[in-house]
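Please look at the sequence and the structure before reading on.

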Amino acid sequence: MKRVLLGLLAAALPVAAHAATADGIIRHVTLIDVAQGRALPNRAVAWRGGDVVAVGPDAAVARAWRAKRSVEGKGKFLIPGLWDMHVHFGGGPELIEENKALLALYVANGITTIRDCSGDLPDQVLAWRGEIARGTLFGPRLLSSGAKLEGIKPIWKGTLEVGSKADVDAAIAHERQVGVDFVKITDSTLDPRLFLYAVSKARQAGLRVSGHIPMQDTIAEAVDAGISSIEHMDYAYKAGVKDEARLSADFAAGRIDRPKLSAEIDAGFDRETAMAAYRNLAAKHVFVTPTLTISRTTAFLDRDDHSHDPELAYIGPGLRKTYDWRIQRAASATPAEVAARHAHFEHLAAILPLLQKAGVTIIAGTDAGFLNSFDYPGFALHQELGLFVKYGLTPGQALASATRAGPAWFGQLDRYGAVAPGKSADLVLLDRNPLQDIAATKAIRMVVLKGKALDRAALDGLLADARTKVAAWNKAQR
Ligand SMILES: [Zn+2]
């Protein structure tokens, strides 16, 4: 009886006398439960400092919380902040400012966390990570691999070069000492056996690990060594080849060259083999980051004219110059090579639904940054999600890849990956329902980053500032 009375009293008052104070509240919003892929209408979400403090039916939350700022969310949709799990910063020390200017582009696009997969400015990026965390630099939460491990004299700069097991041990000790968020390993000159050794040592040191798997190793060997995620579809594709072990051995022994290996992979891809390999990935909790956007963009450079892309206005001249590498490579291709590239992209994209069906967690990541032509930081994530749906995921699955997969990979679902009390106040308010049309992730009305609300005008301000900076750099170049 007493409870009923209290309930009636509370219902009669807009805000209960004992209401707690929140910094912000979004009312009457349709909340997207990204774990279940369902929409929950007429909810209210309140946050205080960097934490979500209340989520529930609008009337109940509004009664219990008095907020300094109230946002009308009627007709709008709320999702957790987006994660781009594969980005890069780099291009040399002279491009530090141009790289720094990319940070705001992520936030303006609803991305509240990025995973930096290493470039040639590892110390700079680790410094930014700290500045962003302390609030002295504006940007999305930044997680970084620091310097990646490579072989001796690799094509990449800013790496930890390893030529022996002792070198690997020292490199892993260094990574632990600087406090990287995970370890990235690439293989331009790295010995394939040392790659496997490095993966296992990183795991033994308690670090997650990802990288480019040497073609001499099988994907199963990398999985057994303990790799935590596979970047780029090419490796998942190779895992689906019937004779992968023989091909890897032939390539290692020099019996076949790289073009022959590629041809054999195309010829040997087998759906049953692939499904067995992908079920193995799922069982061992190895996630896959397809990075379809960059594969598609580079495969179709012959056909797509990017010279008028509006996003170019956000990319500094030095970074734009790093695009030339891929553009020139594409321009020198023969018609047969161009056709092969188009077909190859379709082959890669076609395995996306197989991975999903096998239970592999698919991670949204773009490979945006430097070198990767027309793969625009911030904007590209929405393109990636669009490709995920085009090639067979549901919009809900695509949304989960950009909100749940990242936190799951880092073991941070207690703090991220949902809109719920106790979670970080990283939120994106959309004008349209992303479960109906994934392109709705671009219809951003507001971003809340660690409790700081940025409305549409503030987001447009970030974009305008970025364009102004780039325009000034362009002018200085001329
Ligand atoms: Zn990359």
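This is a predicted model: local features need pLDDT of at least 70, side-chain atom pairs count only at pLDDT 80 or more; totals for chains, interfaces and linings use all residues.

## What buried means here

A residue is called buried when its relative accessible area is under 20%.

## The zinc site

The zinc ion is coordinated at 2.0 to 2.1 Å by H86 and H88, each through NE2, and by D367 through OD. Along the chain, these donors follow the spacing H-x1-H-x278-D. H88 lies in the loop between β6 (82-87) and α3 (96-100), whereas D367 lies in the loop between α17 (352-358) and α18 (379-390), so that this pair, 279 residues apart, links distant parts of the chain.

Why do H88 and D367 count as buried? The relative accessible area of D367 is 6%, and D367 is therefore buried, because the limit for that word is under 20%. H88 also counts as buried, because its relative accessibility is 9%.

Strand β5 (residues 77-80) runs antiparallel to β15 and is joined to it by 4 bridges, with F77 having L430 of β15 as its bridge partner. Strand β16 (residues 444-449) also pairs with β15 in the antiparallel sense, over 4 bridges, and here the bridge partner of L427 is V448 in β16.

Note on methods
Residues are numbered from 1 along each chain as its sequence is written. Side-chain values use heavy atoms; hydrogens and water are left out. Two strands pair if DSSP finds at least two bridges between them. Helices (H or I, at least four residues) and strands (E, at least two) are DSSP runs, numbered from the N terminus. Donors are N, O and S atoms within 2.8 Å of the metal (3.2 Å for Na, K and Ca); water is not among the atoms, so sites may look incomplete. Buried means under 20% relative accessible area, exposed over 50%, partly exposed in between (1.4 Å probe, protein chains only).
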